[in-house]
Amino acid sequence: MSRGFSSSYRIRLLAALVLAGFGVVGGQLLRLHIFDRAARLAEINRARHEVVIERARRGDIFDAHGDTLATSRTKVALAIDPWALDDLLAAEKKEPRRELLRLAEQEKRVTLAGLLGMPVAALEKYYTPVTRDPRPDENVDSHNLTSEGRVKVRFVKFNEGVEESLYTRLTDGKNYPQADKKTSTPTPPAGLVGARYSVRTYPQGQLAAHVVGFINKDEQPVTGVESFADFYLRGADGWRESDKDGRGRELAQFRTREAPAADGYSVVLSLDAAVQHMVEQELTQVATKFQPQKATIIVSDAHTGFILALANWPTFDLNNYNAPNPAGERALRNVAVADYLEPGSTFKIVASSGALNEGLVSPQTRFDCSLAEVMYNGKSRALPKEDHVFAAPLSVAEIISHSSNKGAAQLGMLLGEERLYGYARAFGFGETTGLPRIYPETPGLLANWKKWSGSDITRIPMGHTVAATPLQIHMAMGVIASGGELLRPQLVREVRDAAGVAIYNFGRDVRHRAISETTARTMAQMLMGVVSSEGTAPDAAIPGFEVAGKTGTTQKLVDGQYSSTHHVASFVGFFPASRPAVVISVIVDDGHPPGGGTAYGRLVAAPSFKRLGEQLISYLDIKPVSASATPGLFALEGGRR
Amino acid sequence: MKTLTKTRAAASLSLLAAVVLIGSGGVTGVGIVWARQQIAATASRAQVLKKRLDQAERSLAELNTALTAEQTAPALERRNVEWQLGLVPLREPQVVRVAAADEQLFAGRRGRGLFTDFTPAANLALSAPSARFAVNLPRR
């Protein structure tokens with residue numbers, strides 16, 4: 001160390017300046033880290049910090065065989081940033097190069113229009129720079145402001161959504177001519193912006209529209225399984241906290257906290273897409289031939305109550321649920337559970353089952369069905385009119401097969417109000433069926449027996465002055481098919497997690513026993529008479545198979561009066577009668593037979609039952625129950641017993 | 001002199017310590033920066049892979065939807081018409097249910113062929129095979 005070094009005035013000055021510098025730095029550090037800490041952190045957080053939401057994928061809906069009925073996928077809405085071209089050209093200093101870029105971008109737009117299949121002029125329109133007034137308190141970057149102080153609009157949407165594959169092509173620069181042929185990074189047209197969004201898709205279109213339901217534009221489930229099973233389907237969105245760079249790109253290394261998205265569960269329905277298709281085809285035929293106001297067909301498994309198909313007419317396309325429909329909003333209505341009608345003669349199974357179950361009659365017990373009135377509880381009661389005159393007394397089996405109103409009324413009177421009401425309830429009338437809430441279900445109308453009028457005991461047994469939904473009528477017939485138990489109609493078979501593992505299975509659900517097994521078997525045998533040549537619906541018979549069923553033809557109430565021209569025709573049945581496999585209901589409201597005349601159940605509904613039955617035999621491999629069929633079955637099973 | 005030497009030694013030691021400190025601090029700093037760089041690069045790579053995975057999943061969803069749409073009943077019926085395949089759904093009236101036991105039916109059919117090789121007589125052809133094959137029937 002020299003003396004000059006240690007005593008130099010300049011050195012001292014330098015030292016003082018350095019110290020002062022350190023002091024300033026220290027002061028700034030104090031200010032930034034202690035005094036202004038909160039404000040600075042808030043600014044950094046605003047500029048860099050971001051919370052990214054990870055959308056959970058909504059689960060799929062499958063039919064019983066795994067065919068997709070509803071699924072989720074993404075689409076990309078396309079937009080133009082009309083200022084992007086200006087920005088691109090402004091960044092280029094040399095005029096010739098700028099001109100080259102401009103021409104190249106023009107060519108790219110022509111290619112883009114070609115890829116999208118739209119006129120170039122229509123696309124060019126979106127490239128016209130647009131501005132807007134700034135909103136109050138809007139903090140706009142100077143880069144996004146024009147010299148007049150207006151905000152540059154950088155997102156002008158021109159396409160509602162393209163498929164992922166097309167978007168990949170649109171954004172791949174290799175598909176466009178480039179200004180510089182040797183460029184290492186070919187770019188798509190300047191200003192092309194994509195906004196990805198999730199869409200619910202129904203690959204089967206209108207198939208099972210009323211069962212599957214749909215998601216509206218706000219991604220809210222509206223009806224159907226989409227609504228009922230939303231809890232399982234919707235999943236839980238995830239999120240992550242991280243930082244972003246100056247261009248708004250996430251800096252993955254600064255991720256701090258993360259909660260992964262949990263995709264929704266998938267729901268497997270009992271519905272069979274093939275059976276549903278058969279049913280919908282049949283409904284289309286019915287609609288074409290009879291021009292009804294509405295119609296419903298339901299097919300269910302006789303043993304379990306699982307619904308195999310449920311369709312209404314008119315219907316709608318799930319992918320375009322808000323598209324104009326000739327039937328208007330009626331098309332969205334799930335008639336099978338939301339509308340009620342007088343069940344008519346199909347209700348006769350209640351009085352006859354009840355009388356048999358109570359041991360009051362046997363199938364051979366005869367009633368005089370030519371009487372105009374009978375005495376009941378000491379008063380004379382007028383019996384309902386018949387379509388035919390039955391001169392000879394009819395047995396209970398014949399009352400069923402000939403659908404005698406007077407006979408049914410007498411069976412009802414044998415039971416009495418309280419027991420008839422009890423059996424009607426036991427068959428599921430007057431209360432909702434317990435079907436998963438895919439649509440608001442009505443319980444129908446069945447007044448308590450204490451409130452019945454004097455004539456109700458003669459009218460209710462034939463299905464008048466009561467009202468039921470098509471599904472209630474279907475499930476009531478299901479009581480006989482299942483051997484006397486009222487089953488809960490079910491649609492969901494299984495809930496699976498995102499990995500496809502079943503986490504919940506639904507099985508047969510018996511609500512209660514309505515009648516004994518013996519009564520059910522006797523009823524099934526009697527109902528076979530309906531499709532015999534002497535019965536009301538020989539057109540429903542399937543050769544080689546024991547078909548049991550019941551027709552129904554109800555006059556509709558028009559302006560408070562029973563109309564003679566508007567009818568609800570129905571046929572509800574099952575087969576094979578001694579080993580039921582399927583229950584089928586065909587209900588046609590206000591059909592008009594081509595040749596005119598009354599739309600009887602045997603004319604309008606029974607043939608549909610037969611056609612469907614014939615297809616289901618092959619598809620579901622339903623075996624005829626007869627002695628002759630047994631050896632064949634034995635051979636198919638490889639001779640093992 | 002001795003004091004001066006000691007002072008110099010201390011200064012040298014301090015200088016050495018400072019150099020070591022600065023050196024090790026630098027190395028540590030570089031190490032930290034390098035590690036952070038690696039973390040950033042790995043995170044970026046993971047992010048790129050995640051994006052590719054997401055893109056693949058999106059493409060898969062689109063493909064699955066398209067496949068399902070092509071396999072729906074209306075689509076298959078349309079193809080049936082377009083390609084003139086002439087396929088019709090199977091219905092019960094098209095099925096001939098055989099009342100006889102399958103074993104006897106097959107045996108009869110096969111035996112009839114065998115027997116006609118030997119005897120052209122119709123009565124023998126009908127009666128003989130059933131007797132011949134009856135012995136081959138599996139025991140029940």
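In the predicted model, buried residues account for 49% of the 641 residues of chain A. The accessible surface of the chain amounts to about 30,500 Å², and carbon and sulfur atoms contribute 53% of this area. Among contacts in chain A with a separation of 6 or more, 71% are between residues 24 or more positions apart. Charged side chains comprise 73 positive and 70 negative groups, and the centres of these two sets are separated by 5 Å.

The secondary structure of chain A consists of 22 helices and 24 strands. The chain is more spread out than a compact globule, because its radius of gyration, 37 Å, is well over the 26 Å given by the globule rule for 641 residues. Along the principal axes, the C-alpha atoms occupy a box of roughly 145 × 65 × 55 Å. Two domains are assigned in chain A: domain 1 spans residues 75-199 and domain 2 spans residues 273-636. A distance of 62 Å lies between the C-alpha centres of domain 1 and domain 2 of chain A.

Two threonine positions were examined individually, A:Thr146 and A:Thr465. A:Thr146 is located in the loop that runs between β4 (131-132) and β5 (151-152) of chain A. The relative accessibility of A:Thr146 is 13%, and the residue is therefore classed as buried, the cut-off for this class being under 20% relative accessible area. When residues up to four places away in sequence are not counted, A:Thr146 touches A:Trp83, A:Thr131 and A:Lys152.

A:Thr465 is likewise a loop residue, placed between α17 (456-459) and α18 (470-481) of chain A. Its relative accessible area is 40%, so A:Thr465 is partly exposed; this class covers values between the 20% limit for buried residues and the 50% limit for exposed ones. With neighbours within four places in sequence left aside, the contacts of A:Thr465 are A:Glu342, A:Asp456, A:Arg459, A:Ile460 and A:Tyr562. A:Gly344 lies 121 residues from A:Thr465 in sequence, while the C-alpha atoms of the two residues are 9.3 Å apart in space.

Definitions and conventions. Residues are numbered from 1 along each chain as its sequence is written. Chains are lettered from A and ligands numbered from 1 in the order in which they are written. This is a predicted model: local features need pLDDT of at least 70, side-chain atom pairs count only at pLDDT 80 or more; totals for chains, interfaces and linings use all residues. Side-chain values use heavy atoms; hydrogens and water are left out. Helices (H or I, at least four residues) and strands (E, at least two) are DSSP runs, numbered from the N terminus. The radius of gyration is taken over C-alpha atoms; the globule rule is 2.2 Å times the number of residues to the power 0.38. Buried means under 20% relative accessible area, exposed over 50%, partly exposed in between (1.4 Å probe, protein chains only). Contact means heavy atoms within 4.5 Å. Accessible areas come from the Shrake-Rupley method with a 1.4 Å probe; for residues, only the protein chains shown count as cover. Lys and Arg count as positive and Asp and Glu as negative; His and the chain ends are not counted. The place of a charge is taken as NZ of Lys, CZ of Arg, CG of Asp or CD of Glu. Domain bounds come from an automatic or database domain assignment.
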